[in-house]
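Thanks for asking me to look this one over. Below are my notes, in numbered points, so that you can follow along with the structure open.

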Amino acid sequence: MVLAYLETHALTLKALDPAVRRDVPDSVHQMRVTARRLRSALQAYPAIVSGPATQHVRDELKWLGAMLGEFRDNEVLSDYLQARLADLPPELVLGPAQARVRAHFAPREASARSALVDALNSARYFTMLAELDRLLARPPLTAAAAEPATDVLPRAVGRAYRPARDAALHEVRKAAKRARYAAEAAEPALGEEARRFAKRMKAVQSALGEQHDAVTARGVAREIGIRAHLAGENAFTFGLLQERADRDAVAQQDRAMRAWKSVARRKYRGWLDR
């Protein structure tokens, strides 16, 4: 089950490469998610695929995810602020607010795009792909890999889930992501229980992702507003954007906590601890 999941996403990673190079919409996001799935599955199942033997490729997948994330995060923040501007009544958009947002992100997106293409052309990237191929061709399996999936996989998903209980919000998001992808890998063997658990963890991850975006956008709105003020422009609109982002952050945190409580129900704890 675990190897099938890894093989599927290793193929997806390679298939997305040309789309990212051509700047196809959403391709960077999809490649980033695929790299996360691979790394999270390797993190979640060291009792099946030897942890020490996969440490280097996990580190390289983290590096690739960071390169993809630098471009994607700027894209997400730009879209967030432009969408909030579009939602404001015209009389509250004072000065060249849209142009200010574009001017802030354009050089950052160009720089991140250039760095990403350089990364995809690097020897490091192709070495990582070759290492993934070798890992899947000769997987460093442990003795537990021969045990029934229904016995081994729930324990592994549970180990990915439990650290999130006492962590800060950004750590909860990372733990939710690992638990979600671990459950996705286990779904062919564990069926509906794993599917429902993965869906719940996706809701936690999604809400905390949007909470993180809002918190980051709050700071960026303030930064752009200060620059607008120093240039002699009216910065009122950016104050509104900062306030809207602050409200969004609180709302998404509440949404995440509701989703988290639904996962923490007794029926899920029993399945994970069995």
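1. Let me begin with a pair in helix H8 (residues 192-230): Arg 227 and Glu 223 are four residues apart there, so about one helical turn separates them. Their side chains meet in a salt bridge, with 3.1 Å from N to O. Arg 227 is partly exposed, at a relative accessible area of 41%, and Glu 223 is also partly exposed, at 31%. Please keep in mind throughout that this is a predicted model.

2. Now the overall picture. The C-alpha trace spans about 70 × 45 × 25 Å along its principal axes. Of the 274 residues, 44% count as buried. Among contacts with a separation of 6 or more, 80% come from residues 24 or more positions apart.

3. Next, the interior. In soluble globular proteins, nonpolar side chains tend to be buried together. Here the largest nonpolar core has 59 residues, and those with the most contacts inside it include Leu 13, Met 31, Tyr 45 and Val 204. Helix H7 (residues 169-190) gives the most to this core, with nine residues. Apart from it lies another core, of 20 residues, among them Leu 81, Val 93, Phe 105 and Ala 217.

4. Leaving aside neighbours within four places in sequence, Met 31 is in contact with Leu 13, Leu 16, Asp 17, Val 20, Leu 68, Leu 120 and Tyr 125. Two of these partners, Asp 17 and Tyr 125, come up again below.

5. Which residue does the side chain of Asp 17 meet in a salt bridge? The partner is Arg 21, at 2.5 Å from N to O. Both lie in helix H1 (residues 2-21), four residues apart, which is about one turn of the helix. Asp 17 counts as buried because its relative accessibility is 11%, whereas Arg 21, at 29%, counts as partly exposed.

6. A salt bridge between helices deserves a look too. The side chains of Arg 124 and Glu 60 meet at 2.8 Å, N to O. Arg 124 lies in helix H5 (residues 123-137) and Glu 60 in helix H3 (residues 51-87), so this pair ties together parts that are 64 residues apart in sequence. Arg 124 is partly exposed, with 39% relative accessibility, while Glu 60 is buried, with 9%. A search of the whole structure finds 18 salt bridges, and Arg 37, Arg 180 and Glu 184 are linked in a network of them.

7. On the aromatic side, the count comes to one aromatic pair. Tyr 125 and Phe 126 form this edge-to-face pair, with 5.3 Å centre to centre and 70° between the planes. Elsewhere, the charged end of Arg 84 sits over the ring of Tyr 80, 4.1 Å from its centre.

8. Ser 78, in helix H3, is buried, with a relative accessible area of 11%. Beyond its neighbours within four places in sequence, Ser 78 is in contact with Val 101, Phe 105 and Glu 109. Lys 177, in helix H7, counts as buried as well, at 12% relative accessibility. Not counting residues up to four places away in sequence, Lys 177 touches Arg 36, Ser 40 and Gln 205.

9. Finally, do follow H7 along its length. After H7 comes Gly 191, whose phi is positive, near 70°.

Terms used: Residues are numbered from 1 along each chain as its sequence is written. Side-chain values use heavy atoms; hydrogens and water are left out. A nonpolar core is a set of buried Ala, Val, Leu, Ile, Met, Phe, Trp, Tyr and Cys residues joined through side-chain atoms within 4.5 Å. Buried means under 20% relative accessible area, exposed over 50%, partly exposed in between (1.4 Å probe, protein chains only). Helices (H or I, at least four residues) and strands (E, at least two) are DSSP runs, numbered from the N terminus. Contact means heavy atoms within 4.5 Å. A salt bridge is a side-chain nitrogen of Lys or Arg within 4 Å of a carboxyl oxygen of Asp or Glu. Rings of Phe, Tyr and Trp (its six-membered ring) pair if their centres lie within 6.5 Å; planes under 30 degrees apart count as stacked, over 60 as edge-to-face and the rest as tilted. A charge sits over a ring if NZ of Lys or CZ of Arg is within 6 Å of the ring centre and within 35 degrees of the ring normal.
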